[in-house]
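User: I've got a model loaded and would like to go through some of its local features with you. Can we take it piece by piece?

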Amino acid sequence: MQNLVLADLAFWLVAGPTLVPLLYIGVIGIDTSSAVMIALKQSLNGLFNALVAGILVQVMVWRLQNGSVSWLPAHIRLNELLFHTLLILTLIAGTTPVILSSSAEKTEQEQVLAGQLKRVLNEAQETLQRQPDASPILKSELLRYSKSDDVSSIALLNRQGEPIAQAGKVNAFSPGEVQQLSGADNLAIWLPDFEGSLVSRWKAGQYHYRLPVTGLPDGTELMAERPAAPLIQAIETQRNKSFAFLAGMTLLSILASFFLSRVLTLPLSRLNKASRHLHDKIRHQRQSELPDSRVHEYASLSASLKSMSDTLAHTFAELDNARANLELEVKTRTRELVNTSAMLSNVLEASTEMAIIATDTDGTITLFNKGAENLLGYNSSSMVGTHSPALFHLSSEIEERSQELYEETGETVSGFDVLVQRPLHEGSETREWSYVNKLGKQIPVMLTVTPIRDDVDRITGFLGIAQDITERKRLEQMKTEFISTVSHELRTPLTSVSGAIGLVLGGRLGDIPEKAQELLNTAQRNSERLAHLINDLLDTDKIAAGKIHFDMQVTPIIPILEQSLEENRTYCAEQNLKLVLTRKLTQTSVKVDVQRLKQVLANLLSNAIKFSPDGGTVSIEATSTDTDITVSVVDQGPGIPEDFQHKVFQKFAQADSSDTRQKGGTGLGLAITRELVKRMGGTIGFETTEGKGTRFFFTLPAVRSAQAIPIPVHPGARQPAQASPRILIVEDDPDAAELLKIMLGGVGYQVAVCHTGLEALEAVNKGDYDLISLDLILPDIGGLDIIRRLKEHADTANIPIVVVSAKVKQGKLELNGEANNIAWLPKPIQHQKLIDLVQHQLSDGGLAKILHIEDDADLHHVISAMVSDRLIMDRAGTIASAKALLKQHAYDAILLDIGLPDGSGLDLIPDIQHEQPYAAIVILSGDDVSKEKHNTVGAVLLKNRLTTEQLVNVIESRIHGSQP
């Protein structure tokens, strides 16, 4: 049996009435009444112990059982929990009053006994006080109360507690045990000292009561004894009744708790039994039958389970349908994936013009399509899983790109990582590379690299798609050569035409008739229009190709605005207009290409002037904030029609096609202007009101740096010196050469002409020329090669050069600062500008020549620009190159940096003093130098405190001070 209480009850029902009484009566010798009491008591104790044990087992299962304690039941049974709970509550409610009343009754009987003995002793005390002879009195009193109050002995005790007179046997002084009773004052019981049960000793014992007395000569205390057997017998009888009652009540409580727990858990048992096959019914969508109950909670639970089972059955039905549909869809999708995979494979194989290569994250090739095989000559089987794309990349390009990434990000990357650095951070990258095929041939490709991601957006590899752009490169080269040829072939005759017309109109050939004057003016205007058209078309092409070069420098904006205003003032005056400049600036420096910014202003001013009415005003307004500078060009023209405003910055766009004939222009100016402003980091826009005028404005980031480069303002034209300088014109076009000869000869220069590069080099070696006018495009040797050859020799290195060519911008870009003392004049030639440039170049002949030893090329360009109108500067970036220049050229001063790539600049001082004993030495460094080093040079300047005037003044003073 699993219930300990029921098992214990069964035991005591059998053993209690038979075995226990026989054991106590027959073996131990206890009387029947006591044996019955003990049997009932032990039965109750056993039941209570079993109940406590059952509760402990339930608690241990609750707290300790986790499936690993084998000697404990796995779970608590609800009926057992209810049984133990109900039984505990029933027994506590029923037994507590019985136990308390039984104990109270015993205490009450002992108190009654104590009262009787006290009364006897009080009367004996009164008698002794009247008659001092104690013994007879005590005997008389004992005889008097032995029958009525069952007193067995009376004694008078002295101060030591010893009897001095007594009647009857006083057992309290016999061997045994005396126990003081707490229920009654002065009452105790004497238990004899013999072997036997406690019940037998109590029955053989004597109750005795002690009463303190006064007024007696010897005695201090009276004591009376009475046998305990009658009272113990009465108490035992009463307790037998109580135990019998408790036993009966316990039996009824057990039975009631057992049946009540079964009644309460029966619906759950039925529900459990019914639900054992519930999952089967749910799975097969069969109707589930669950038992009902008259108990509301059980009925609700049954209804909930039934509703849940019906819902689950419906859900299973839907899942079955969904699974069937899913299986069908999976089959369909599988077929589609197979078809898609086959199609993708076919696409990859068919993409013979595109090289598609995939790699894992380490760079190992995982896909190498047919196009890649055709392009590179490698077999897919030999590449997949074994090689990296770095195999067919130029190592020089990888290293160059690695350096670019390091300069941009500060991170060092190499090998395959160079190809995927940008895609990792930006998602993709498209740029030109050179592939090297299996035969070693270089193939230009346009490569797009993107990361490959899985379902959780984790990068698992990279995909590269490359297209052979060999043909595109060939076409671009053809286009470049065509544009170059057209530029040269158009600009060269146009230069001759416009130059010749300019000379005639300028009166160089004498007076001309009025009608001829009008025709020549018309021809000059149209030649200028044609020149502008050619320039706009070429600029548009360069912008679209991304090949236009920007020489970005930090510079004050006000001088640029003033120069633009002056350059357009004549045109404005011709149109009877007023041109004004308004400045409201707190920040005045911007980082721009000065010439490109002038082009922007020229386009905006030209438009404003063309569309302004006679007598009107065109204004340039400049304002600034903490971060930006805004320049506006405002006219008082007719405004821009609303339906055309969205086309303002489009190519070849004009509000009215008749404007092309009336006002002139190609419709490209504003499109070029927008691109130029955008490339310089700015924005452009406009505001217009029809009938009142238009405001075009552009905004550029303000630069707070104090190192703005001033725009050099060249002196105006002046007549050549009395000793007429000799000028060599190098020009392959006879008409252009003749025009230059007329222009320069007309102001008094001695002019010689060469039509090829070899003739020019031979003429320079033979003659002493003060200046060379040089075209870049010659039939044998290019103009840039001539410049380089002249600069290599000390005798010709300092000859000023004016480059007159249709490819000025390209020439500047290719030369990239390799030589100084060169002026640039684009074709078609403007007569006065040519004369101004020649005079300026010739005037530089008396400028001091400085060797700037500095490894930072950008800093050299800045300083060179600062002093270009007062000093001529060469640059050496290392100690080795400085030593070579010191031996080849003569310098007035040396501008020396200390920290150089191949050593300290201070180590060069002895070489300078040996090779150039009269050259002044000025240290220009970021750090101050010691006093000892300071004494060995002419001056020390700090870069962070440098100004133009300070630099020029220090150099010039040291030059004059060092001359012999």
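User: Before we start, which pLDDT cut-offs apply to local features and to side-chain atom pairs?

Analyst: Residues are numbered from 1 along each chain as its sequence is written, and side-chain values use heavy atoms, with hydrogens and water left out. This is a predicted model, where totals for chains, interfaces and linings use all residues, while side-chain atom pairs count only at pLDDT 80 or more and local features need pLDDT of at least 70.

User: What does the chain average in pLDDT?

Analyst: pLDDT is the predictor's confidence in each residue, from 0 to 100. In this chain, 80% of the residues score at least 70. The average is a pLDDT of 78.

User: How many contacts does the model have for residues 705-722, beyond four places in sequence?

Analyst: Take residues 657-661 to begin with: pLDDT is below 50 there, and the stretch has 6 contacts (heavy atoms within 4.5 Å) beyond near neighbours in sequence. Where pLDDT is low, the predicted coordinates should not be read in detail. Over residues 705-722 pLDDT also stays under 50. For that stretch, the contacts beyond four places in sequence number 33.

User: Which residue forms a salt bridge with Glu429?

Analyst: A salt bridge here means a side-chain nitrogen of Lys or Arg within 4 Å of a carboxyl oxygen of Asp or Glu, and the structure holds 18 of them. For Glu429, the closest N and O atoms of the pair are 2.7 Å apart. The partner is Arg401.

User: Is Arg401 buried or exposed?

Analyst: The labels go by relative accessible area: buried is under 20%, exposed is over 50%, and partly exposed is in between (1.4 Å probe, protein chains only). Glu429 comes out at 10%, so Glu429 counts as buried. Arg401 has 3%, so the label for Arg401 is buried.

User: Which residues does Glu429 touch, not counting those up to four places away in sequence?

Analyst: Arg401 belongs on the list, and the two side chains also make a polar contact at 2.7 Å (a pair of N or O atoms within 3.5 Å; within protein, one must be able to donate a hydrogen and the other to accept it, and residues adjacent in sequence count only if both atoms are side-chain atoms).

User: Why does the salt bridge of Arg422 and Glu408 tie together parts 14 residues apart in sequence?

Analyst: The side chains of Arg422 and Glu408 meet at 2.3 Å, N to O. The pair ties those parts together because Glu408 lies in helix H12 and Arg422 in helix H13 (residues 416-426). Glu408 counts as partly exposed at 46%, and Arg422 is also partly exposed, at 23%.

User: What separates Arg422 and Glu426 along helix H13?

Analyst: These two also form a salt bridge, with the closest N and O atoms 3.3 Å apart. Glu426 is exposed at 54%. Arg422 and Glu426 are 4 residues apart in H13, so their separation is about one helical turn.

User: Which residues of helix H19 are buried?

Analyst: H19 covers residues 669-679 and is mostly covered, with 8 of its 11 residues buried. Just after H19, Gly681 takes a positive phi of about 85°. The buried ones are Gly669, Leu670, Ala671, Ile672, Thr673, Glu675, Leu676 and Val677.

User: How far apart are the C-alpha atoms of Lys578 and Thr617?

Analyst: Lys578 is in strand S13 (residues 578-584) and is exposed at 53%. Leaving aside neighbours within four places in sequence, Lys578 is in contact with Cys572, Gly616, Thr617 and Val618. Lys578 and Thr617 are 39 residues apart along the chain, and their C-alpha atoms are separated by 4.6 Å.

Notes:
Helix = DSSP H or I, 4+ residues; strand = E, 2+ residues; numbered from the N terminus.
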